[in-house]
Each structure stands twice: as C-alpha cells, then as structure tokens.
Amino acid sequence: MRTIRFLLRKEFKQIFRNKSILAMVVAMPIIQLLILPLAANYEVKNINLAIIDNDHSTYSQKLITTITASGYFRLTGYNSSFKEAMQLVEADKADLVLEIPQNFERNLVRENEQKLFVAVNAINGTKANLGGSYLGNIIKNYNDDIRLQLIPDSRSNAQPKIEIVSSNWFNPLLNDHFFIVPGILAILITMIGGFLSALNIVKEKEIGTIEQINVTPIKKYHFILGKLIPFWILGNVVFTIGLIVSWLVYGIVPFGSLLLLYGFVAVYLLAILGFGLLISTYCETQQQAMFIMFFFMMIFILMGGLFTPIESMPDWAQWVTKFNPVSYLINVMRMVILKGSGLKDVLPQLGIVALFALVLNAWAILNYKKTN
Amino acid sequence: MKQLLVFIKKEFTHVLRDRKTLLILFGMPVIQVLIFGFALSNEVKRSEIMIVDQANDQASQAIISKIGASQYFKIEKLTNDSKQIEPAFKENKIKIAVIFPLNFNNHLLRENKAQVQVLADATDPNNATALINYVSAVITDYQSTLNKNAFAPYRIISETKMLYNPQLKGAPNFVPGVMALVLLLVCVMLTAVSIVREKETGTMEILLVSPMRPLLVILSKSTPYLIFSLVNVASILLLSTYVLNLPVKGSLLLLFAESTLFIITCLTLGIFISVKTSSQQVAMLISLMGMLLPTILFSGFMFPIENMPVPLQIISNIVPSKWYYIIVKAVMIKGLGFSAIWKETLILTSITIFLLLISLKNFKTRLA
C-alpha cells in the first residue's frame with residue numbers, strides 16, 4: 001500500500017510538471033465541445049437549386065415561388081439551357097436542377113399529365129436523397145393545389161384518409177446537439193485516457209528511467225496501478241469539465257442518475273486505460289505508441305456509432321463493434337443523458353465493459369516484463 | 001548530390017525498419033477505405049419497431065404485414081399494451097413504435113378518417129425523421145390501395161435523375177476525403193514527429209554538424225514520405241476502383257500531379273511544426289489538434305460546410321485539405337479537366353509557398 005502511495009506521488013508530480021498534458025486536459029474538452037457540435041449540423045437546408053423555365057407561364061412561375069418559399073432551397077441559378085445549369089452543378093454552385101418543359105401549363109390542362117425533369121448532384125448521397133424528396137413533396141403539394149383549383153369540389157374528401165400523428169421522443173425539437181454532445185463526451189474520455197496512458201510507460205522506456213524502477217522491489221501490479229490511478233482521476237476530471245461545458249453551453253443536463261453516469265465512466269476508464277497500458281508494454285518508442293494508439297482510436301471512433309448509426313452497418317461490421325469499447329460508452333451516454341435510462345437498462349453494457357477492463361489490465365500486467 | 005542520396009537512403013531504412021510505424025503508414029489507408037466504404041452509412045435498414053395493435057382488425061393487420069415485409073423494419077414486438085413502449089425505448093430495444101387505436105378499421109371505413117400514432121426515438125434526429133418517413137410511406141401506400149379506383153386528373157410527374165452517383169452510395173463522397181485525411185496524417189504527423197524525435201534523442205546535432213547543408217537534411221527527411229504518400233494515393237485509387245467500383249473518371253496524371261502538390265503542402269506543414277516544437281508529444285498534439293481536427297471538420301466530407309456558422313465557414317478557407325478535397329472530387333468523380341480546378345490549384349499553391357517561406361525563415365541551424 002505504501003509503495004503505491006509513493007508511486008502515485010511520483011506520477012502526480014510528473015503530470016503537474018508537464019504543461020502540455022495539463023493544457024490537453026483543460027483545452028481539449030472545451031475546444032471539442034464548442035467546435036464539433038457547431039460544425040456537425042446535418043440538417044439539410046439551403047439546398048442550391050438551378051431552374052430552367054422553358055415555359056414562362058403563370059403555372060411555372062407559381063411553382064418556382066412555391067419552391068423558393070419553402071425555405072429548403074436557395075435559387076442560385078435561373079438558366080436558359082440545361083447545359084448552363086450543368087456548369088453550375090460542376091462548379092458545385094447547384095445541387096439540384098429543375099427543368100420545366102415548354103408548354104407545361106397548356107399540356108397539363110389539356111393532356112391531364114405533364115412531366116418535370118429533376119437532376120440531382122448525388123455525390124453526397126444523403127443530401128441528394130433528402131433534397132430530391134423535399135422537392136418531390138413540394139411538387140406534389142403544388143399538384144394538389146392545382147387540382148383543387150381546377151376541380152373545386154375535389155373528390156379527395158370522400159376518400160378514406162389515415163391521419164399519421166408522429167411525435168419525437170426524448171428530443172422533441174430534433175436538436176442535433178442532443179445527439180452529438182453525449183457522443184463527444186465519450187470520445188473525450190477515450191482520447192485522453194487512451195493517449196496519456198499509452199505514452200506513459202513508453203516514455204519511461206525511451207528515456208531509460210524504467211530500468212531504475214525495474215531494479216526496485218516494486219511489484220508489477222504496483223507499477224501498473226501507480227500508472228493507472230492518476231490517469232483514472234484525470235479522466236474523471238475531464239469528464240466533469242465536459243459535463244459542465246455541455247450544461248453551460250448547450251443546456252444539456254443528464255435525465256438519468258449522475259451517479260450511474262460516473263459509475264459507468266469509472267469502469268470504462270479502467271478498460272481504456274488498460275488498453276493504453278497494454279499498447280505501452282508492446283512498444284519501444286513514443287512514436288510507435290502514438291501511432292498504434294492512433295490507429296486503434298480511429299477505428300474505435302469511426303465504428304463507435306458517433307456519426308452514423310451502428311444498426312446501419314453490415315453484419316460483419318456490427319459484429320466487429322461488439323469488440324469496440326467506445327460503442328458501449330457512446331450508447332450508454334445517450335441512454336442515460338437523454339433518455340434517463342436506469343441501472344437495470346445499462347446492466348448488459350456495464351458487464352461487458354467491466355469484462356474489457358479485467359481482461360485488458362490483466363494482459364497488460366502479464367505482458368509487462370521487468371527483465372528484458 | 002551523392003551525399004543527398006545517401007541521406008535519403010538512411011531515412012528510408014529508418015522508416016522501413018520500424019514495423020509498427022509501417023502499420024500506420026500503409027495499413028491505415030486500407031482500413032479507412034474499407035471502413036468508410038462498407039461500414040459507415042446512414043442508410044436505414046431493419047430498424048427495430050414495436051407495434052401496439054389495439055385494433056387487431058383487417059386494416060391494422062394489413063399495414064402490419066406491409067411493415068414486416070419492408071426492408072427498413074424488423075418487428076421487435078407485437079403487443080396491445082402501450083405501456084411497454086417507454087421501457088423498450090429506455091433499454092434501447094426499439095427505435096420506433098406505431099400505435100393503432102381501437103376500432104381503427106371501423107373509423108376508416110365509416111368516417112373516412114382514422115388515426116395512427118407514430119413515436120420515434122429522436123436521440124438521433126436524422127434517423128428518427130427517416131424512420132417516420134418510411135412508416136408514413138407504408139401507411140400512405142395502404143391508403144392508396146383503398147383509393148385505387150379514384151382517378152387523379154392533372155398529374156405532374158417529376159422525373160428524377162441522380163447524377164454522378166445513381167445508386168446514392170457513400171463512396172464518391174468519402175474516397176476523396178479519405179485521400180486528404182491519409183496524406184495529411186502521413187505527411188504532417190510522421191514528418192513532424194520524426195524530425196522532432198531526432199532533436200529529442202540528440203541525433204539532430206550530429207546531422208547538423210555533418211557536411212550536408214541543413215536544408216538538404218530536411219529535404220532528405222521528407223523525401224521518403226513523399227514517395228510513401230504517392231504509394232498510398234495509388235493504393236487508395238486501386239482499392240476504390242477494384243473494391244468499391246469507383247474508377248477515376250478524369251485524368252490520372254492530373255490527379256497525381258495535384259496530389260503531389262498537396263503532399264508538398266503537407267510536408268511543409270510538418271516541417272513547420274517540427275521547427276517550432278521540441279518534444280514528440282507536443283508535435284503530436286499540434287498535428288492532431290491543429291491539423292487533423294480541422295481536416296475532418298472543414299474539408300466538407302464529414303460535415304456539410306454550408307450549414308456551419310459564418311465564422312467557421314470563413315476559417316474553412318485556410319484549410320488546405322478543403323481545396324484538395326474539391327479538386328479530387330472534380331477530377332475523380334465528375335471527370336473534369338484542369339480548367340475547372342485552376343482556381344483551387346492556385347490557392348493551394350499559394351498556401352504552400354507561404355508555408356514554405358515561413359518555415360525557411362524559422363529554420364535554425366543551431367538547436368539551443
């Protein structure tokens with residue numbers, strides 16, 4: 001016990017003397033929480049639209065007004081030929097092109113049917129899909145209006161109609177910040193815990209001080225615990241700063257129990273620190289440790305469900321995410337912070353993360369050799 | 001000249017001997033392309049849905065079987081107790097719930113009007129909106145089978161064509177992004193850290209007192225990374241062509257020329273960071289926070305730039321990867337020529353020259 005106390009004192013001294021670590025602990029939560037949610041706005045609006053009106057009739061004018069009044073579209077081109085409009089698409093100045101054919105109004109009234117031509121820049125699939133369907137909806141509504149106008153006693157009232165009442169739970173205003181901020185909190189804890197612990201033992205190896213520790217009676221688990229505890233405390237500090245920032249800036253207060261949140265983070269930190277230490281025991285230089293950690297971090301974060309839902313992944317990828325501790329943390333953060341889930345709801349995740357912690361730390365202790 | 005070659009050879013050996021760094025160097029591009037290409041998508045499929053059927057009549061069952069047959073949903077539970085919805089949401093068992101009230105069919109047929117309630121888990125707002133849209137589409141579809149006989153006059157049909165990417169895949173959007181990301185990582189982070197490492201371990205002194213001119217030392221340090229990066233560009237393009245079925249539409253030569261320009265920009269950035277810092281940890285931190293984060297944020301392949309607040313949109317203009325991303329998208333996906341991207345190329349070149357001048361000015365031949 002005494003040995004660990006001395007080790008802890010040494011570690012804390014080293015941490016407080018290293019300005020870059022301190023800067024990272026304070027600055028990273030603030031920067032990430034302030035900038036990322038601002039940038040991560042997935043709402044599709046301001047879609048740039050180019051229109052080619054070959055008809056110049058009352059109807060085509062009305063259609064254009066309806067579209068621009070919808071608020072989703074920004075009219076960036078009013079061209080006379082399709083080729084001109086395509087140039088706007090190539091220069092990324094237009095996302096959608098709507099072509100109204102000649103005699104649109106006349107044919108619609110006479111032939112009961114008329115086509116509109118829509119071209120979508122589909123490089124960004126999601127945006128293309130949404131933009132196209134917005135435009136489709138507007139055209140459909142416009143169509144209904146015209147029909148009502150032309151046939152005043154529309155028969156549509158006599159048909160059976162199912163009214164769909166939808167409500168969005170846990171986030172009624174569909175605020176993107178609610179989705180992204182708990183995820184960023186999870187990433188923060190992971191990055192701080194993972195990088196700091198991965199670099200730590202390796203640094204002692206690189207500058208040679210590990211030899212001095214190896215010749216003392218310090219036990220393996222003493223040494224690992226002495227490395228683990230300071231970073232565990234640091235992780236909790238970062239998490240607290242993050243929670244405060246998300247409360248002050250975004251007004252996000254956890255719905256569920258704060259105790260449960262800290263409890264889960266406590267266990268999770270053990271797991272991710274264990275992972276960092278494990279990498280540390282396998283590497284010889286800080287450069288290697290950084291890069292390897294970075295390699296895994298990138299996979300963990302991309303496949304953790306931060307930006308794209310895990311359910312949308314193919315089966316093999318979903319299977320891979322079962323071995324990704326970050327995905328459990330992101331999941332639990334959202335459940336507890338947004339939905340107010342209780343201990344009973346997150347018990348499976350807690351169990352798995354505890355298992356990660358156990359296995360990774362045991363592996364790190366076994367792999368740390370005092371002899372070369 | 002011979003000296004330079006010897007130094008470059010030393011650097012190559014240096015990098016190639018470190019297997020763990022090689023993993024990052026060549027493994028990362030492959031993994032990134034695979035993850036982005038196959039694992040990440042916003043596509044909705046087999047989302048868990050709970051159905052509370054209090055009506056249990058012809059209409060509700062017809063709709064339920066349509067929902068069950070849809071590729072977007074997997075019926076997690078069919079019940080008549082609406083109290084089960086909330087716990088299921090909290091346990092994360094379902095994403096959406098549909099409630100059919102009592103006498104659904106009766107209302108629909110007698111009064112021509114019936115109500116369905118749809119509840120979605122909006123912790124992920126986009127997903128929730130998409131799911132509600134899909135459920136509504138299924139219900140409207142059923143409704144229109146009821147109205148089959150009615151004739152709709154004055155029909156406007158919109159014929160939609162998806163340009164460049166008819167199947168709406170994610171790949172055309174992210175392959176250029178991954179290229180920018182990988183080149184930046186390899187060039188900035190690896191060069192910065194490897195030069196600073198020589199400072200930290202003290203071998204930089206030895207290099208600086210050698211008969212080589214200091215600038216040539218730096219040049220020889222960055223040459224291997226230029227070559228490795230070009231190898232990475234080639235491997236990403238090969239993967240994209242043969243694994244993701246996304247071939248290069250424009251000129252390959254132009255693409256490689258522009259990539260070389262961007263690599264030089266990144267190398268200059270890496271050198272600049274290494275000139276300014278003295279420890280590996282700090283160099284790493286600056287490359288991560290100052291380079292990687294802005295690239296992910298501002299190149300436009302993960303987050304839409306046009307939705308950002310204006311100050312961030314302005315900042316995005318000084319991020320070199322944004323311009324490279326636009327160039328690659330134009331050449332690779334749209335198949336445009338140099339005339340379409342000369343402006344972006346000019347901007348990228350100016351940023352490079354500017355950075356080069358600054359780092360040369362700050363370069364010191366003495367360490368202390």
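How many bridges join E4(A) to strand E5 of chain B, and in which sense do the two strands run? This tour starts there.

**Before you click**

This is a predicted model: local features need pLDDT of at least 70, side-chain atom pairs count only at pLDDT 80 or more, and totals for chains, interfaces and linings use all residues. Residues are numbered from 1 along each chain as its sequence is written, while chains are lettered from A and ligands numbered from 1 in the order in which they are written.

**Stop 1: across the two chains**

Select E4(A) and residues 155-163 of chain B. The two strands run parallel, joined by 9 bridges. Strands pair if DSSP finds at least two bridges between them. Helices (H or I, at least four residues) and strands (E, at least two) are DSSP runs, numbered from the N terminus. Now pick Leu116(A): Ser158(B) in E5(B) stands opposite.

Chain A gives 87 residues and chain B gives 88 residues. Two residues are in contact if their C-beta atoms, placed from the backbone, lie within 7 Å. On the side of chain A that touches chain B, the elements supplying at least two residues each include H2 (19-39), E4 (113-121), H6 (125-150) and H7 (176-207). H6(A) gives the largest share, 11 residues. Colour this side of chain A by class: 48 residues are nonpolar, 26 polar and 13 charged. Here Ala, Val, Leu, Ile, Met, Phe, Trp, Tyr, Cys and Pro count as nonpolar, Asp, Glu, Lys and Arg as charged, and the others, Gly among them, as polar.

**Stop 2: inside chain A**

Select strand E1, residues 47-53 of chain A. Of its 7 residues, 6 are buried, so E1(A) is largely enclosed by the rest of the structure. A residue is buried if 20 or more other C-beta atoms lie within 10 Å of its own, exposed if 12 or fewer, and partly exposed in between; C-beta atoms are placed from the backbone. Ala50(A) has Gly77(A) in E2(A) as its bridge partner.

Next, go to Phe170(A), in the loop between E5 and H7 of chain A. Its phi is near 70°, a positive value in a residue other than glycine. Is Phe170(A) buried or exposed? Phe170(A) is buried, with 21 other C-beta atoms within 10 Å.

**Stop 3: a helix in chain B**

Show chain B: 14 helices and 5 strands. Select H3(B), residues 58-69. Which residues of H3(B) are buried? They are Ala59(B), Ser60(B), Ile63(B) and Ile67(B). These cover an arc of only 95° around the axis, which puts them on the same side of H3(B). The arc is that of the directions from the helix axis to the C-beta atoms. Now turn to the face away from that buried side: Gln58(B), Ser65(B) and Ala69(B) are exposed there. Among the elements covering the buried residues are strand E1 (47-53) and helix H5 (104-110) of chain B.

**Last stop: two single residues**

Find Asn245(B), in the loop between H9 (214-242) and H10 (252-276) of chain B. Its phi, near 55°, is positive in a residue other than glycine. With 11 C-beta neighbours inside 10 Å, Asn245(B) counts as exposed. Finish at Pro87(B), in helix H4 (residues 85-90) of chain B. Pro87(B) is partly exposed, with 14 other C-beta atoms within 10 Å.
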